[in-house]
Amino acid sequence: MAQSCDAIIIGAGPAGLATAAALRAGGLSATILEKSDAVGAVWRRHYDRLHLHTDRVRSSLPGLAMPKAYGRYPSRAQVVEYLEAYAVKFDLAPVFNAPVQAVRREGRAWRADAGEKSQTAPIAVIATGWADFPHSPTWPGMETFGGAILHSSAYRNPAPFTDKRVLVVGFGNSGAEIALDLAEARIDVALSVRSPVNIVPRELLGLPILVYPAAEQWLPPRLADKVNAPLLRFAIGSIETLGLRRSAKGPIQSIAEDGRAPLVEVGALGAIRDGRIRIRGDVASFARDSVVFRQSPAERFDAIVLATGFRPDLRALLPGAEGVLSGTGAPLVSGRPTAQPGLYFCGAIPSSLGQFRQIGIEAQRIAQAARSLGAAARS
Ligand SMILES: Cc1cc2nc3c(=O)[nH]c(=O)nc-3n(C[C@H](O)[C@H](O)[C@H](O)COP(=O)(O)OP(=O)(O)OC[C@H]3O[C@@H](n4cnc5c(N)ncnc54)[C@H](O)[C@@H]3O)c2cc1C
């Protein structure tokens, strides 16, 4: 029989932990169901060189600041250590090895099916992130390609690519940093860039880049981008001469309207400028040992890294939860009440404030909404 509590949280990443701490602070009991055997499972398997692009102060979750000793941009290992410390501080003790197959309405409660670890509660928070939904596009001839093809989420470090010619497809934050990682290991690397891009420095005038959208929250995104444009142009310089196109929408508007985070420059642009990373256009097709580009001749490659993002589809996890997901299964709102009473998502939609910061804000909003819901049910 399923155990019951005030709230079930699915996932023990930053969003699940922050929401559990906020609910507990409001006097509600919360059980976290986590399919892996540790907190921060996704951060444990990110690529080795990863550091936060957002600064420590603005990436700390509510109630526990990241230690100063981490520096301004904590490493992947420090993020993991921080999430462990966060769980200890708030005594969160997730139920591990509890993969939730489905969350369903059962009378006035939600039931999370996880075999003998199933739970029911009036509140259910989906904090499952995007990592389970890598998006890997297909191109004609791809099945004939003889080399390795992997998604960026499976990339760890350059070691397996020594002496290989590698094509990284996609110029988001992961694609840029993986291409840089390969270039720094003196591996022959090209980067396929299909769309116009927004590139921002990690710091502007000595301040972390997140300071700017946070200070300009009261401005419409288009206007905030207009205000920032001259400084950004000055900081980044010309990208058109490198074969890149600048996005017509600014970074803040792109996040707000399309959920597309800007590329934070941590060295890839420099490597493109000095020729260590070659820019290529859109991929048209694959052959046995080469890739054909739309606007340039075919080139030989031994391995392909698809840094083509994630497309969460939660339809299987939420059967019958009408009105909360888009046609492709992406949550419609995050950190606010959904069309289903007691059902919330945390950290499900990209934010210009930085995702850790947004997760903290949403966790507190969810706790507040959950308390009001509980009070209304009791009255
Ligand atoms: C490479 C990379 C770098 C990033 N860098 C930054 C940055 O610098 N700053 C920033 O603010 N944001 C950054 N982000 C974005 C975001 O902050 C992180 O992805 C963050 O980990 C999201 O937290 P989360 O809890 O929503 O999801 P996750 O960290 O993905 O955690 C989800 C958890 O849910 C569990 N889970 C999933 N499905 C189930 C299920 N069915 N049952 C039980 N458990 C389940 C998973 O095992 C996992 O532990 C980055 C993202 C990536 C991919």
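**View 1. Residues around the second largest pocket of the predicted model.** Its lining consists of 20 residues, and those nearest the centre are Pro350, Ser351, Ser352, Leu353 and Gln358. A pocket is an open set of points on a 1 Å grid over the protein atoms alone, where a 1.4 Å probe fits, with protein on both sides within 12 Å along at least five of seven lines; lining residues have an atom within 4 Å of a point.

The model is predicted: local features need pLDDT of at least 70 and side-chain atom pairs pLDDT 80 or more, while totals for chains, interfaces and linings use all residues. Residues are numbered from 1 along each chain as its sequence is written, and side-chain values use heavy atoms, without hydrogens and water.

**View 2. Helices in the lining of the second largest pocket.** α7 (221–236), α8 (251–258) and α10 (355–378) each contribute at least two lining residues; helices are DSSP runs (H or I, at least four residues) numbered from the N terminus. The most come from α10, with four residues.

**View 3. Cysteine 5 and cysteine 346.** The sulfur of cysteine 5 has its closest cysteine sulfur in cysteine 346, 17 Å away, which is too far for a bond. Cysteine 346 is likewise in no disulfide, a disulfide being a pair of cysteine sulfur atoms within 2.5 Å. The count of disulfides is zero.
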